[in-house]
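User: I should like to learn how to read this structure feature by feature. Please give the general idea each time, and then the case at hand.

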Amino acid sequence: MPRCVVVCGPTAAGKTGIALEIARRFPARLISADSVQVYRGLEIGSAKPASEVLERFPHALIGIREPEEAYTAADFARDAAAEIGAAAGQGRIPVVVGGTALYLKALRYGLDPMPAADPDIRARIAAEAARRGWPALHRELEGLDRAAAERIRPSDPQRLQRALEIIRATGRAVSEFHSGRGPDRLAGSVMLVVAAADRGVLHRRIERRWTEMLEQGLVDEVRGLLARPGLKRDAPAMRAVGYRQAVQCLDGAFGRSELAARGAAATRQLAKRQITAFRQWTGGMWYDPLNRTTIDRIINRVQEAFDNLGGKDGPGGVSGP
């Protein structure tokens, strides 16, 4: 694929602000790599950029699916590749911004061919989970495919359900479908990993974000989503961190006063998993968003990478959007 800029990192680290600054300085096309922002109606809990920001700096792949619909890593890899190609063809810098590591891995290395989804098997697994609990199903996975169980946490119902679905549909371990990483399709791209050097700072940002989301009406947003006749509580969109905790609160699992603490704890765990995933990336350049020199260093790095693509009137120029 054409060379691009990837701005990734844990939730609440400041990725969007850096991507917007790149778009202010260069002719860029912003492409979201967020598995929750892809859905319409999931505004507050997904921390979508404000409408006035999106009006000035449009993001591809935000709000392109209804929450009742599935959107997979394979869908993202296909759509993002098309957006990258279109942006490059227009002489703009493709800037992929988001923290969904699975999406970015699929874009970069491709995916192994997997069996198609089986709604009947998936529904039976969801019913079992409601009856027995996801930890029990994770123990079942351990007995069937230990390698997959080591990769998938009991607290990750979406991946756990998919693993059991594949095993039951094919009689083969999920690990058998992982043939290995494909060629790097983003070779030569600028990989920026944004993560606060002080983990405590990130945790405080997460807590502040939860306070803001509740003030903005997250609970009412989720209540409205649950009122949609075709949207099930176990839909991928509603299992996302933040939405899952809000659903549990509305279902009476715990009181409203506990929601912020529980949601922040789940978000901290998500951030930890994201940091672990991006540490495994080769070629990633790490930047602390709190360092006052960070944005200038990033802008210089982008300028250097794209100066040779068309001169001052091409993507390396500084003429702005």
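User: What is the order of the strands in the open sheet, and how do they pair?

Analyst: Strands of a sheet pair through backbone hydrogen bonds, in either a parallel or an antiparallel way. In this predicted model, the open sheet has 6 strands in the order β3-β2-β4-β1-β5-β6, and the pairing is parallel. β3 (59-60) and β6 (285-287) stand at the edges with a single partner strand each, so one side of each has no neighbour in the sheet. Strands here are DSSP runs of E with at least two residues, helices are runs of H or I with at least four, and both are numbered from the N terminus. Two strands pair if DSSP finds at least two bridges between them. For example, 4 bridges join β1 (residues 5-8) to β5 (residues 190-194), and V5 has V190 as its bridge partner in β5.

User: How far may the coordinates be trusted, and what is the average pLDDT of the protein?

Analyst: pLDDT is the predictor's confidence in each residue, from 0 to 100. The protein averages 91, and 94% of the residues score at least 70. Over residues 310-321 the pLDDT is below 50, although this stretch has 36 contacts in the model beyond near neighbours in sequence; contact means heavy atoms within 4.5 Å. Where pLDDT is low, the predicted coordinates should not be read in detail. Residues are numbered from 1 along each chain as its sequence is written, and side-chain values use heavy atoms, without hydrogens or water. Local features need pLDDT of at least 70 and side-chain atom pairs count only at 80 or more, whereas totals for chains, interfaces and linings use all residues.

User: Which residues of helix α6 are buried, and what covers them?

Analyst: An α-helix has 3.6 residues a turn, so residues three or four places apart point the same way. In α6 (residues 134-144), the buried residues are A136, L137, H138 and L141. Their cover includes α5, α7 (146-151) and α8 (157-170). Buried means under 20% relative accessible area, exposed over 50%, and partly exposed in between (1.4 Å probe, protein chains only).

User: Is I166 buried or exposed, and which residues does I166 touch?

Analyst: I166 belongs to helix α8 and is buried, with a relative accessible area of 3%. Not counting residues up to four places away in sequence, I166 touches M114, P115, G171, R172, V174 and F177.

User: Where does T294 lie, and what is in contact with T294?

Analyst: T294 lies in helix α13 (residues 294-306) and counts as buried at 2% relative accessibility. Leaving aside neighbours within four places in sequence, its contacts are I18, Y287, D288 and P289.

User: Which residue in the loop between β2 and α2 should be noted?

Analyst: A47 lies in that loop, between β2 (28-32) and α2 (51-56). A47 has a positive phi of about 55 degrees although it is not a glycine, and is partly exposed at 27% relative accessible area. L61, in the loop between β3 and α3 (73-89), has a positive phi of about 70 degrees and is not a glycine either; L61 is buried, at 9%.
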